[in-house]
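Please look over the sequence and the 3D structure below before reading on, and keep both at hand.

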Amino acid sequence: MSNPFILLPLFIFAVTIFVMLWKPGRINETIPTTIGAILFLLIGVVPLADLLSIFNIVSGAAITILSSIVMSIILESLGFFNWVAYNLVNRAKQSGLKLFIYTTVLCFAMTLFFNNDGSILITTPIIIKTVNMLNLKNHQKIAYLLPGALIATAASAPIAVSNIANLIALKIVGLDINSYVTLMFVPSMIGIMTIALLLYLYFRKDIPKTLPNLKLNFKNYEDTNRSLPHPLSLQSASPPVDWGLFKICMVIIIATRAAFFLLTPFGISLELIAIVGAIALIAVRWYKSKIGVGDVVKKTPWHILLFAFSMYILVYGLKNIGLNDILVHHLYEVVQQDRLSAIFAMGGLLTVLSNTFNNLPAVMIGTLTLTEMNLDIHTLQVAYLANILGSDIGALLTPVGTLATLLWMFIIREHKIHISWKQYTKIAFIVIPLGFFISLLSLYYWTNWIFG
């Protein structure tokens, strides 16, 4: 290929990623990626004939994520998240350490039940309202907010359905959701628990030993409006919790999550299960409270499907101009040596790529690179899992690494809580490298034990 044919797509990709991360005028990230994808199609980097196969790759993952977001919108309409925030304060019983543990666990659980971006949207305003009510100082607020954000994003690694990048790449390497969890849950959890411990050790002096006694009941908690409305809410006041409806909805959500693991071995797709779960929630809410689908239609980020489709076109275009060939040439011998070399080489590559131009294109590039190395199936899958650790945990070194982190920075800035990119990066470089290293090492020993 001629240099102009290579340089022009690289320039388009670089500008697209820059605008996506910069978000001038708060434009949606789908706008620059769609424009970039259209330009790739116009200059012929990606043939029109490939669009259907690309859509088939990304559509299932995007629909699964959208269904999870619909579920979170339904729970928000029931007053669930305000109830969670109220319990955070009450159950902490004036202990700063207990509140730290509860907020961290909350962020982890929300990612497992929904997804990493949704978890940030849900939990960050909850924690902000909580720390504002407690009249904590800025550095004390950060001691609860930043660990929550890091754990929420890292928590997308243990199960594949918590991150759109994980889901898109899953089919490419021949893994299903059950085999993914078998190989990934234990090593990623070891890494996440290491990071949580390191975060506590770093912030322990900023976590107050004793919290003010607010003497809350649920009503006066709802009346306390010292932060901006929840991003998923169209109104500033949260509705009361309908406990009967709430219990039914939780059963449906848990059943949907369980069905991912129980039904996919029988050939039932993840997206079909997710759609059925979301429709069931909408139907139950309508039957019990006569609330229609208006709020779901308004709040659901339907653009995710177009965003994932456009991003994959961009990555596919880079593959077509030879980027993957370059990566294969430089990494092939290292990855072929043994699984340990493959894990650290690909995990390191994805960390660098993610913190350079975001983890979604990075994990796609890394996975496509692996498929061109003619690796044996076990090495391919283990190297892919290292990719995921690099894109979910290694990517946390800078705010650029994940859209979830950028979203978190935006939310706390809107609430007048101050943390600079320099402060974020300093803390991340202290806690993330060791946790990431332990994750990769755990992945090696765990998968060796499974594969033999």
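This is a predicted model: local features need pLDDT of at least 70, side-chain atom pairs count only at pLDDT 80 or more; totals for chains, interfaces and linings use all residues.

Residues are numbered from 1 along each chain as its sequence is written, and side-chain values use heavy atoms, with hydrogens and water left out.

A nonpolar core is a set of buried Ala, Val, Leu, Ile, Met, Phe, Trp, Tyr and Cys residues joined through side-chain atoms within 4.5 Å, where buried means under 20% relative accessible area, exposed means over 50%, and partly exposed lies in between (1.4 Å probe, protein chains only). The largest such core here has 160 residues, and those with the most contacts inside it are Tyr384 and Trp408. Helix α3 (residues 51–77) supplies the largest share of this core, 13 residues; helices (H or I, at least four residues) and strands (E, at least two) are DSSP runs, numbered from the N terminus. If contact is taken as heavy atoms within 4.5 Å, then Tyr384, leaving aside its neighbours within four places in sequence, is in contact with residues including Asn166, Val173, Tyr180 and Leu370.

With a disulfide defined as a pair of cysteine sulfur atoms within 2.5 Å, the count comes to zero. Cys107 is buried because its relative accessibility is 0%, and Cys249 also counts as buried, with a relative accessible area of 0%.

Next come residues with polar side chains, and here the term polar contact is needed: a pair of N or O atoms within 3.5 Å, where within protein one must be able to donate a hydrogen and the other to accept it, and where residues adjacent in sequence count only if both atoms are side-chain atoms. Arg285 lies in helix α12 (residues 270–289), and it counts as buried because its relative accessible area is 0%. Which side chain does Arg285 meet in a polar contact of 2.7 Å? The partner is the side chain of Asp295, and among the other residues in contact with Arg285, beyond four places in sequence, are Ile74, Leu245 and Val293.

Thr33, in helix α2 (residues 30–42), is buried at 0% relative accessibility, and its side chain reaches the backbone oxygen of Thr30 at 3.0 Å. The C-alpha atoms of Thr33 and Thr16 are separated by 5.9 Å, although the two residues are 17 residues apart along the chain. Asn163, by comparison, is found in the loop between α7 (138–154) and α8 (164–170); it is buried, with a relative accessible area of 4%, and its side chain makes a polar contact of 3.4 Å with the side chain of Ser156.

On a 1 Å grid over the protein atoms alone, a pocket is an open set of points with protein on both sides within 12 Å along at least five of seven lines, and lining residues have an atom within 4 Å of a point. The largest pocket holds about 1400 Å³ of space, a volume being the space filled by probe spheres set on the points, which are joined across faces, edges and corners. Its lining has 42 residues, of which Lys23, Glu29, Leu121, Leu403 and Leu407 lie nearest the centre, and α19 gives the most to this lining, with nine residues.

Terms used:
On a 1 Å grid over the protein atoms alone, a cavity is a set of points where a 1.4 Å probe fits but cannot get out, and a pocket is an open set with protein on both sides within 12 Å along at least five of seven lines; lining residues have an atom within 4 Å of a point.
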